[in-house]
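Me: I have a model open and want to learn how to read it. Where do we start?

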Amino acid sequence: MSRITAWIRRNLVVLAGLLALAYLVLPNLVVLAFSFNKPAGKFNYAWNEFSTDAWTDPCGVAEMCQSLSLSLQIAVAATVGATVLGTMVAFALARYRFRGKGATSAMIFLPMAMPEVVMAASLGTLFLNMRIPFGFTTILIAHIMFCLSFVVTAVKARVMSMDPRLEQAAQDLYATPVQTFLRVTLPLAAPGIAAGALLSFALSFDDFIITQFNSGPTTVTFPMFVWGASQRGIPVQVNVIGTAMFIAAVALTVVGQWLGNRRKAVA
């Protein structure tokens with residue numbers, strides 16, 4: 001017993017991390033398992049029979065793939081917009097001094113602390129007063145506004161940790177400002193930019209509250225489709241899409257980690 005207790009004490013942090021990871025992954029494994037289920041009724045809550053029908057026909061449910069395509073389009077466009085704007089704002093806040101910098105920082109980070117329903121209702125009221133028709137454009141603007149704070153936070157943290165002497169060394173070697181930015185500054189800030197972009201894509205893709213307040217009658221995103229389908233029975237294809245997104249995210253993380261380790265080994 002003393003050896004077991006000593007081993008647990010030495011590996012307590014690792015065990016706690018593994019338990020937390022299992023707690024996070026378990027719902028995804030349940031979704032994976034039920035993507036191969038053939039429910040007896042409308043609801044896919046109890047295991048009935050193993051089947052691959054949903055995987056062979058993921059678009060078998062009417063309007064599901066259209067909503068998925070719309071969510072992907074909005075997520076990609078919002079990611080590009082939020083990443084470009086957020087990166088510029090992060091560099092400005094981290095590198096320059098200007099009047100109103102503190103107020104700007106507070107306004108940028110406010111959406112992260114504000115409940116989504118408040119921001120969603122505010123944007124919806126703004127679009128109504130400006131008489132902008134609700135649809136793809138209003139959802140895109142709302143998602144960029146929502147994701148901007150997360151990009152600024154990720155990129156600003158990376159920029160503030162960068163050594164300015166590397167850029168000064170490039171200038172001493174007669175590099176132009178454009179060359180210094182493209183060959184020194186941008187590669188150093190790339191991990192923060194990539195983290196902000198991935199976070200923006202994930203937040204935009206699965207957002208429901210902001211989308212619900214700023215969508216039109218014909219703009220149904222994938223989360224809105226799932227919410228509507230839950231009232232009459234979520235189809236198994238939803239589990240398939242969720243599992244595919246989870247596998248893609250894990251694969252992207254593994255590849256990124258592998259490339260990072262390879263870069264460190266070469267260096």
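Reply: We start with the surface. Accessible areas come from the Shrake-Rupley method with a 1.4 Å probe. This is a predicted model. The protein exposes about 16800 Å². Carbon and sulfur atoms supply 69% of that area.

Me: How much of the protein is buried?

Reply: Buried means under 20% relative accessible area. Of the 267 residues in the protein, 32% are buried.

Me: Next, the fold. How many helices and how many strands does the protein have?

Reply: There are 12 helices and zero strands. Read from the N terminus, the order of elements is α-α-α-α-α-α-α-α-α-α-α-α.

Me: What radius of gyration does the protein have, and what would a compact globule have?

Reply: The radius is set against a rule for a globule of a given number of residues. For 267 residues, a compact globule would have a value near 18 Å. The protein has 23 Å. Along the principal axes, its C-alpha atoms fill a box of roughly 70 × 70 × 35 Å.

Me: What share of the contacts comes from residues 24 or more positions apart?

Reply: Contact means heavy atoms within 4.5 Å. Take the contacts with a separation of 6 or more: residues 24 or more positions apart account for 71% of them.

Me: Now charge. How many positive and negative side chains are there, and how far apart are the centres of the two sets?

Reply: The protein has 18 positive and 10 negative side chains. The centres of the two sets lie 14 Å apart.

Me: How many aromatic pairs does the protein have?

Reply: Rings pair if their centres lie within 6.5 Å, and planes under 30 degrees apart count as stacked. The count comes to 10 aromatic pairs. One of them is Phe36 with Phe50, at 5.6 Å centre to centre and 10° between the planes. That pair is stacked. Both residues sit in the loop between helix H2 (12-34) and helix H3 (53-56), 14 residues apart. Ring pairs also bring in Trp55, giving a cluster of Phe36, Phe50 and Trp55.

Me: Let's go inside a helix. Is His143 buried or exposed?

Reply: His143 is buried, because its relative accessibility is 2%. The residue lies in helix H7 (residues 136-160). Leaving out residues up to four places away in sequence, His143 touches Ile74, Ala78, Ser204, Asp207, Ile210 and Thr211.

Me: And Ser105: buried or exposed?

Reply: Ser105 is buried, because its relative accessible area is 13%. This serine is in helix H5 (residues 101-113).

Me: Last, the backbone. What is phi of Arg131, and what is phi of Tyr174?

Reply: Look for a positive phi in residues other than glycine. Arg131 has a positive phi of about 55°. Arg131 lies in the loop between helix H6 (116-129) and H7. At 77% relative accessibility, this arginine counts as exposed. For Tyr174, phi is near 65°. Tyr174 is in the loop between helix H8 (164-172) and helix H9 (177-205). The tyrosine is exposed, with a relative accessible area of 76%.

How values were computed. Residues are numbered from 1 along each chain as its sequence is written. This is a predicted model: local features need pLDDT of at least 70, side-chain atom pairs count only at pLDDT 80 or more; totals for chains, interfaces and linings use all residues. Side-chain values use heavy atoms; hydrogens and water are left out. Helices (H or I, at least four residues) and strands (E, at least two) are DSSP runs, numbered from the N terminus. The radius of gyration is taken over C-alpha atoms; the globule rule is 2.2 Å times the number of residues to the power 0.38. Buried means under 20% relative accessible area, exposed over 50%, partly exposed in between (1.4 Å probe, protein chains only). Lys and Arg count as positive and Asp and Glu as negative; His and the chain ends are not counted. The place of a charge is taken as NZ of Lys, CZ of Arg, CG of Asp or CD of Glu. Rings of Phe, Tyr and Trp (its six-membered ring) pair if their centres lie within 6.5 Å; planes under 30 degrees apart count as stacked, over 60 as edge-to-face and the rest as tilted.
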